[in-house]
Amino acid sequence: MKGYIHSIESMGTVDGPGIRTVVFFQGCALRCKFCHNPDTWAFGEGKLTEAAELVAKIKRFAPYHKATGGGVTFSGGEPLMQPEFLAECLRLCKQEGMHTCIDTAGAGLGDYDKILRYTDLVLYDVKHCDPESYKTLTGGDIKKTENFVDACRAAGLPLIVRHVVVPGLTDGREHLQKVRDYTDKLPNVIKTELLPYHVLGVHKYAAMGIRYPLEGVKPMDAELCGKLQKEFFN
């Protein structure tokens with residue numbers, strides 16, 4: 001079983017509990033206006049990798065995982081866009097006793113039940129909770145992510161919800177209250193994290209000859225984002 005990998009971060013600390021190996025899958029159908037990884041969008045690019053070969057690399061970091069309560073996180077791009085490859089990687093990781101996590105917007109393909117069978121935790125990226133605004137912000141259909149949420153509910157999996165706070169787009173209190181109302185209806189939510197919008201990936205757009213959709217929007221103030229976190233989600 002082979003799939004396309006963009007890159008691997010060996011010692012991740014912000015993509016789930018403990019120290020984690022983070023595998024970034026290549027390919028994503030969404031075009032989020034605040035995306036900082038446009039280099040992960042294209043399908044059929046990146047490094048074509050055998051699932052067993054990938055898991056063998058991840059195993060090298062198992063001592064760090066075990067010492068910190070960490071594991072492996074499959075991110076992207078959108079890992080759910082390579083469902084068979086993802087399911088096989090997860091299966092092999094669980095076979096090795098690893099804690100598994102997927103970082104996803106829930107906008108993918110395939111048999112979610114098969115994928116979630118080998119998943120311990122989901123980092124669920126809530127782009128927006130209003131269908132029209134979701135379409136404007138991502139170019140996608142919110143129904144796809146709702147289907148994924150239904151599968152998580154059926155599987156009984158714990159979720160950590162993430163939401164990017166963009167000045168002028170998703171930072172309003174009325175909006176954040178709607179996000180709170182939305183997350184209150186999601187299954188098994190451990191916590192919700194507000195992530196401050198940043199511009200660290202803007203240079204990639206220039207290098208790829210793509211216009212940056214949020215040109216001129218300044219990074220979200222981290223202190224204010226922290227206050228909003230406490231106000232709505234703590």
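This is a predicted model: local features need pLDDT of at least 70, side-chain atom pairs count only at pLDDT 80 or more; totals for chains, interfaces and linings use all residues.

Helix 9 comprises 12 residues, 222-233, and spans 16 Å from its first C-alpha to its last, close to the 16 Å expected at 1.5 Å a residue.

- The buried residues in helix 9 are Cys225, Leu228, Gln229, Phe232 and Phe233.
- Viewed down the axis of helix 9, its buried residues lie within an arc of 110° and therefore line one face of the helix.
- These buried residues pack against strand 7 (159-165), helix 7 (173-184) and strand 8 (189-196).
- Exposed residues Glu223, Lys227 and Lys230 are carried on the face of helix 9 turned away from its buried side.

**Aromatic pairs**

- The whole structure contains 7 aromatic pairs.
- One of them is tilted, because the rings of Phe25 and Phe85 have centres 5.3 Å apart and planes at 35°.
- Phe25 belongs to strand 2 (residues 20-25) and Phe85 to helix 3 (residues 83-95), so this pair ties together parts 60 residues apart in sequence.
- Phe25 and Phe85 are both buried.
- The rings of Trp41 and Tyr205 have centres 6.0 Å apart and planes at 80°, so that pair is edge-to-face.
- Distant parts of the chain are linked by this pair: Trp41 is in the loop between strand 2 and strand 3 (47-50), and Tyr205, 164 residues apart from it, is in helix 8 (residues 202-208).
- Trp41 is buried, as is Tyr205.
- One aromatic cluster is formed by Phe25, Phe74 and Phe85.

Key
Residues are numbered from 1 along each chain as its sequence is written. Side-chain values use heavy atoms; hydrogens and water are left out. Rings of Phe, Tyr and Trp (its six-membered ring) pair if their centres lie within 6.5 Å; planes under 30 degrees apart count as stacked, over 60 as edge-to-face and the rest as tilted. Helices (H or I, at least four residues) and strands (E, at least two) are DSSP runs, numbered from the N terminus. Buried means under 20% relative accessible area, exposed over 50%, partly exposed in between (1.4 Å probe, protein chains only). The expected span of a helix is 1.5 Å times one less than its number of residues. The arc is that of the directions from the helix axis to the C-beta atoms. Contact means heavy atoms within 4.5 Å.
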